[in-house]
Amino acid sequence: MPCIEDWLTDPLSVIEGIFNESGSPDHEKVGEFFSSRLQKSEALLRVPSLNDIPSHLLKSKNLVRFRCMVQDMFDPEFYLAVYETVNKVDNSSKLRCGMYQDVVRCPENFELRLESPKNVTKERHIFYCVPIPGETDWARKAFAGRREASNSEAQASERKNTVLKRDLEEDMDDENTPAVQRGWQVPHDACSDDAKRSRPSDTSGGSNVPTHQLSTDLNFPLPNEHGPACLVHVYDQESTLKVNDMVEFIGVLSVDPCLAVFNDDDMGDGNEQGPLGPAHDDLITPEEQAVHHPPPSLVPRLHVLASRNLVHSNPSIPSSITGEASVPILQQLADVRGELVSLLTQLMSGDSLAAEYLLLHLISSVYSWTGIMPVGKFTLNVSGCPSSDSFPREMHKLVEYLVPKCHFLSMTLNNMNSLNFVPKKDYTANRLKSSILQLSQSTNLIVDETALQAGQLNANGVKNVTALGNVISWQKLEYDFNFYKADFTTNLLILILSEGKSLLPADCHVALRPHQPPQPLERALSRISAVTMERMRAFLGVARLAEYSLSSEMQKILQDDFVKSRQENQSNMTAEDFHLLLLLSRLMSLSHGQSTLTPEMWNQVKQMEKERRSRLIC
């Protein structure tokens, strides 16, 4: 069986061997082979990541992984799953596997037989993926640090002659290993590539790639984002991937320079052939060609062998944590709550009530849908903020230190009129143009309304304000496909900072009552150890995912309390007020490490709400 270096550095040879054994392009068997090797985190972390290492430093046809968000879905494309090559010396033929590659590989003295009846054409799905938008510096460094630590341990283990490598190889020989573990999905059926070229075997590398005549826009949703975009080829006909999904892919990297050349008459040298099928320029516009076939030095290709959808992107907690498993962890982390509230209070000018509401906002998440209503969303408006931009910026920096994804949106008149909040289909380039609000689930968005100035919103500005309001109210963003609109659900945590009550809708409005000057963020953070900060990040991440329930006894107490309040004064307890109390009770319970509501917690939430409302009256 292949050793770990074989399937890491030359996965196509392993796939070719599986093909030769089965005699057909067996996607299931390929998926089982690689999924079984990825069970152990030590093996997974040895796979280089495109998020951490530039593609030009990685060798083409090696195994790599990519943590990303699906930004767009391209049309499926056809490719040769099986093709026949003929020896030009003795006229003998051999079938080869064409899966997981862009270029047809012909050994020396062999040529491709295009019209062979033994050739098998299939299709594969193409996804345009970008690094997770808004990913914070500490999260990126934490993910990169895992691999560095793993490599250091591996090198130390080799020097000490440990059995890590032997264990991995023994696992490869274990026929009873389950096909899918740790959330990795096994490909089932093939999907497509439009243009393969016949080349002599193995001349790969990501450098010296010809520059395409049209500039390549990487189409990141947020400005000033860094990292590679990637064309991801998925060979699973049953794939359920959607736009904005967070995914970690593992597959074969393809950065062959010939992918950047189209209809170049000087390209061939006798051993090479042109595109299989009509030339690109006969079918698509130059704009579409630049988008769908960009230089691989800018947009590498990734042929997926295994993938897993990411429930979250917080490196401080296990990637597979969900449901009941999160409750014990949350209880262990709950003791950090006091220090977290203290930190938030210092930045909130000593206002502990506003700090409590901010904490509840940070652990909120849409956990269910009732018809068209998102359940669990908690957009918070903090008014009374200083007019200077230092307070919103400090708040943004603080949230950045605590959560894995965050973006700061300044509502200046220029931004509202010039930025695009709504993704729009570009039919000339045949792609979805990204926008500010095309974000993955559980992204924190800090909206600075204190920057809003008097002036006139143009048509685009009105469209942007409407889109932002719809995301806040319904957690839906309307994508513009020119001939029609389509709603896409979101799950964004939006914090609005304003001087007076926000012009935007909000689930809760808290008036800031400063008791002291706000502490500089650097001074506040200097009192917190690295271990405590890590626990805070884990606490916020687990609380968003933890399960919560109401006992039948507690439901009776809530019902009686609602009826009593309505009898006393209907205006003081509307259905919306009661819904907010239920949401706050859920968040308050989880913030204390409790998975169910108690009468004491219910009374505490009611008192907190009473104080908040009294401020608004004043």
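**Exercise 1. Find which residues of H17 meet which residues of H19, then describe the packing.**

Solution. Start with the contacts in this predicted model. Met554, Ile557, Leu558 and Asp561 in H17 meet Pro599, Trp602 and Lys606 in H19. Next, sort these residues by type. Five are nonpolar, none is polar and two are charged. Now place the helices. H17 spans residues 552–568 and H19 spans residues 599–617. Their axes lie 11 Å apart, at an angle of about 30°. Last, assign the hand: the crossing of H17 and H19 is right-handed.

**Exercise 2. List the contacts of Tyr357, leaving aside neighbours within four places in sequence.**

Solution. Apply the contact cut-off, heavy atoms within 4.5 Å. The partners of Tyr357 are Phe378, Leu380, Cys508, Val510, Leu584, Met608, Glu609 and Arg612.

**Exercise 3. Summarise the protein chain as a whole.**

Solution. Count the elements: 19 helices and 20 strands. Take burial next. Of the 618 residues, 55% count as buried. Finish with contact range. Consider contacts between residues at least 6 apart in sequence; 81% of them join residues at least 24 apart.

How values were computed:
Residues numbered from 1 in each chain as written. Predicted model: local features only at pLDDT ≥ 70, side-chain atom pairs only at ≥ 80, totals over all residues. Heavy atoms only, no water. Axes fitted to C-alpha atoms, helices over the stretch in contact; angles between N-to-C directions. Helix = DSSP H or I, 4+ residues; strand = E, 2+ residues; numbered from the N terminus. Left-handed = near helix turned anticlockwise from the far one by under 90°. Nonpolar A, V, L, I, M, F, W, Y, C, P; charged D, E, K, R; others polar. Buried < 20%, exposed > 50% of the residue type's maximum accessible area, 1.4 Å probe, protein only.
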